[in-house]
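Look at the sequence and the structure below. The paragraphs after them go through a few places one at a time.

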Amino acid sequence: MSDAPKQDLVMAHLVSLRYEEPLSRILDRFVDGLMEGRILGHRCPACRRVYVPAKGYCPLCVVETTEADEVEVADTGVVTGFTIITPVAYYGQEETEPFVYASVLLDGSDANLGGQDIVGIPHDQVRAGLRVRAVWRPPAERSAEGITNRGWGSVGSAIDAFTPTDEPDAPPEQYAEHLF
Amino acid sequence: MAATDIAVIGFAQTPAERRAEGNEVQLLVPTVSAALAMAGLDRREVGFTCAGSCDYLTGGPFAFVQNLEAAGAWPPIEESHVEMDGAWALYEAWVRLQHGDIDTALVFGSGKSSPADPAALWPQQLDPYTLAPLGVDPVSLAALQARSLIHRGLATERDFAEVAVRSRRAALANPHAQVRGEADVEALLAEPYVRDPLRRHDLPPISDGAVAVVLARGDRAQALCARPAWIRGIDHRIEVHQPGMRDLTESPSTTLAAERAGYDGGPLDVAELSAVFSPQEGILRRALALPEGTDANPSGGPLAANPVMATGLVRIAEVAARIIDGRADRGLAHATGGQLLQHNLVCLMEGR
């Protein structure tokens with residue numbers, strides 16, 4: 001054995017994996033809806049809950065849903081929960097200023113849209129129960145970007161944020177079952 | 001209660017497809033429901049649920065959590081997951097059933113190989129210091145194994161082609177198979193190498209698919225199924241990771257797992273082997289000392305359909321299917337994980 005001091009061997013091993021898959025038919029239709037300014041979901045034939053975007057099944061009843069169960073929901077809803085994120089610099093973080101990350105329960109839907117920005121109101125006034133409506137991108141600027149079969153899709157490529165409707169707050173019992 | 005009174009009483013699988021439209025949970029929803037329906041069991045009666053899948057395949061952290069929706073996780077259920085083939089999920093459920101407080105279990109395995117490039121993905125399961133940086137893919141590794149067999153005089157390229165011909169022919173009767181048909185050995189041998197000495201027919205197809213199996217214990221199994229496929233023994237053993245430190249022409253862990261599963265070398269009506277590359281069938285036949293006349297891979301095996309993370313559990317389902325419907329009395333299923341038969345599981349099943 002050598003008497004030389006031991007040194008840790010450090011090696012870089014950068015991994016890059018690429019995944020490609022066509023959008024499922026359900027999400028394809030969901031995207032088509034967003035392009036037209038419509039938000040589509042499926043209503044479970046058993047429990048009547050509405051999922052936006054649709055999954056093709058109800059996770060509570062384990063019943064399959066199809067286009068026959070399609071419903072359109074409103075682009076207005078209620079903030080059920082939120083956090084104000086103060087970004088710290090890390091790889092991939094593009095935000096530099098504090099921003100809102102809110103769950104919005106659309107009128108007619110039983111599933112929150114997660115991770116929505118709330119604009120047109122100071123951060124310290126964002127609250128659960130706040131009534132909001134979608135701030136749509138102009139049709140020409142909407143896309144399918146960020147909508148994948150894995151994340152069940154989002155609305156971020158068509159709706160930039162939600163903004164207060166100035167209606168009275170929704171009472172907690174209206175969204176208590178949907179806190180997230 | 002004995003460890004030998006646990007049986008397969010239901011199963012279902014998707015067809016293996018080169019590119020399935022649905023994501024894993026969408027493949028699993030109807031599959032799990034069909035397996036439970038065959039077992040005559042309501043999902044709320046299931047005592048324990050265990051799933052096998054691979055987040056690297058799915059392409060998302062914690063992707064396996066979503067798959068649980070196929071089992072119906074509300075009201076909350078008792079469940080677990082293995083980042084392994086579904087055959088190991090079945091092993092965990094088999095252990096769990098032996099606690100004695102529950103008498104049914106649901107297991108499933110699922111995987112979609114279509115979204116990513118398997119040659120880029122699978123090197124990531126190798127030792128990150130010496131093997132993964134080389135980018136050595138499963139086909140290259142399998143070619144090294146095939147070359148070892150040829151050098152030892154244990155097999156020829158013709159033997160490999162004959163395995164593929166038998167597999168494709170057997171798969172004609174398998175509605176879930178992806179590669180099937182009559183093929184001619186000479187014609188196959190005239191094809192170019194993909195990785196010398198392997199040709200395309202020596203490789204499994206790239207498949208998307210899912211499988212679900214229902215287990216029950218003792219009286220419950222008998223009440224639910226006219227002829228349960230009793231698991232007489234199940235065991236799994238693993239070998240050293242580095243292919244260079246193993247004799248690639250044999251599979252001692254398979255031999256040991258079979259021994260510990262109680263396989264005594266007696267007659268078998270059916271054996272389903274996870275010979276993912278054609279040369280591995282011979283290795284496994286020798287490791288298991290399969291008796292002459294054993295119907296090996298009557299489903300066509302992984303050369304006909306290879307939904308990774310489900311492939312091993314499909315072997316168990318295929319053997320169980322033949323016992324439950326009375327075509328077989330005694331069968332053996334083999335599953336594998338890791339590279340080049342590194343980790344092997346053997347499940348011995350009987351109709352009585």
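Leaving aside neighbours within four places in sequence, B:Gly282 is in contact with B:Leu149, B:Leu154, B:Ala155 and B:Asp159; two residues are in contact if their C-beta atoms, placed from the backbone, lie within 7 Å. This is a predicted model, in which local features need pLDDT of at least 70 and side-chain atom pairs count only at pLDDT 80 or more, while totals for chains, interfaces and linings use all residues. Residues are numbered from 1 along each chain as its sequence is written, and chains are lettered from A and ligands numbered from 1 in the order in which they are written.

B:Gly282 belongs to helix H11 (residues 279-288) of chain B. Helices (H or I, at least four residues) and strands (E, at least two) are DSSP runs, numbered from the N terminus. B:Gly282 counts as partly exposed because it has 18 C-beta neighbours inside 10 Å. A residue is buried if 20 or more other C-beta atoms lie within 10 Å of its own, exposed if 12 or fewer, and partly exposed in between, with C-beta atoms placed from the backbone. B:Gln178 is 104 residues from B:Gly282 along the chain, and their C-alpha atoms are separated by 22 Å.

Helix H11 of chain B also packs against helix H10 of chain B, at an angle of about 40° and with the axes 8 Å apart. Axes here are lines fitted to C-alpha atoms, for helices over the stretch in contact, and angles run from 0 to 180 degrees between N-to-C directions. The two helices, H10(B) and H11(B), are therefore oblique to each other; angles under 35 degrees count as roughly parallel, over 145 as roughly antiparallel, 65 to 115 as roughly perpendicular and the rest as oblique. On the side of H10(B), the contact is made by B:Thr254, B:Thr255 and B:Ala258, and on the side of H11(B) by B:Leu284, B:Ala287 and B:Leu288. These residues divide into four nonpolar, two polar and no charged. Ala, Val, Leu, Ile, Met, Phe, Trp, Tyr, Cys and Pro count as nonpolar, Asp, Glu, Lys and Arg as charged, and the others, Gly among them, as polar.

Next comes the sheet of chain B. How many strands form this open sheet? There are 10 strands, in the order E3-E2-E4-E7-E1-E8-E12-E11-E9-E10, and the pairing is mixed. Two strands pair if DSSP finds at least two bridges between them. Strand E3 (79-82) and strand E10 (295-296) of chain B stand at the edges with a single partner strand each, so one side of each has no neighbour in the sheet. Within the sheet, strand E11 (residues 330-337) and strand E12 (residues 343-350) of chain B pair in the antiparallel sense over eight bridges. B:Leu332, for example, has B:Leu348 in E12(B) as its bridge partner.

Helices pack on this sheet. Helix H4 (residues 86-97) of chain B touches several strands, including E1, E2, E3 and E4, and its direction makes about 165° with that of E4(B). Helix H10 (residues 252-260) of chain B touches E8, E11 and E12, and its direction makes about 30° with that of E12(B). H4(B) also packs with helix H12 (residues 311-324) of chain B, at an angle of about 65° and with the axes 5 Å apart. B:Gly86, B:Ala87 and B:Leu90 of H4(B) make that contact with B:Gly312, B:Leu313 and B:Ile316 of H12(B).

The loop between E11 and E12 of chain B holds B:Leu340. B:Leu340 has a positive phi of about 55° although it is not a glycine. Is B:Leu340 buried or exposed? B:Leu340 is buried, because 20 other C-beta atoms lie within 10 Å. Chain A has a residue of this kind too: A:Arg48, with phi near 70°, is exposed, with 10 other C-beta atoms within 10 Å. Most residues other than glycine have a negative phi, and most peptide bonds are trans. The peptide bond from A:Val52 to A:Pro53 is cis, with omega near -10°, and the bond from B:Asp196 to B:Pro197 is cis, with omega near 10°.

Finally, the two chains touch. The contact takes 26 residues from chain B and 18 residues from chain A. Of the side of chain B that touches chain A, the largest share, four residues, comes from H1(B).
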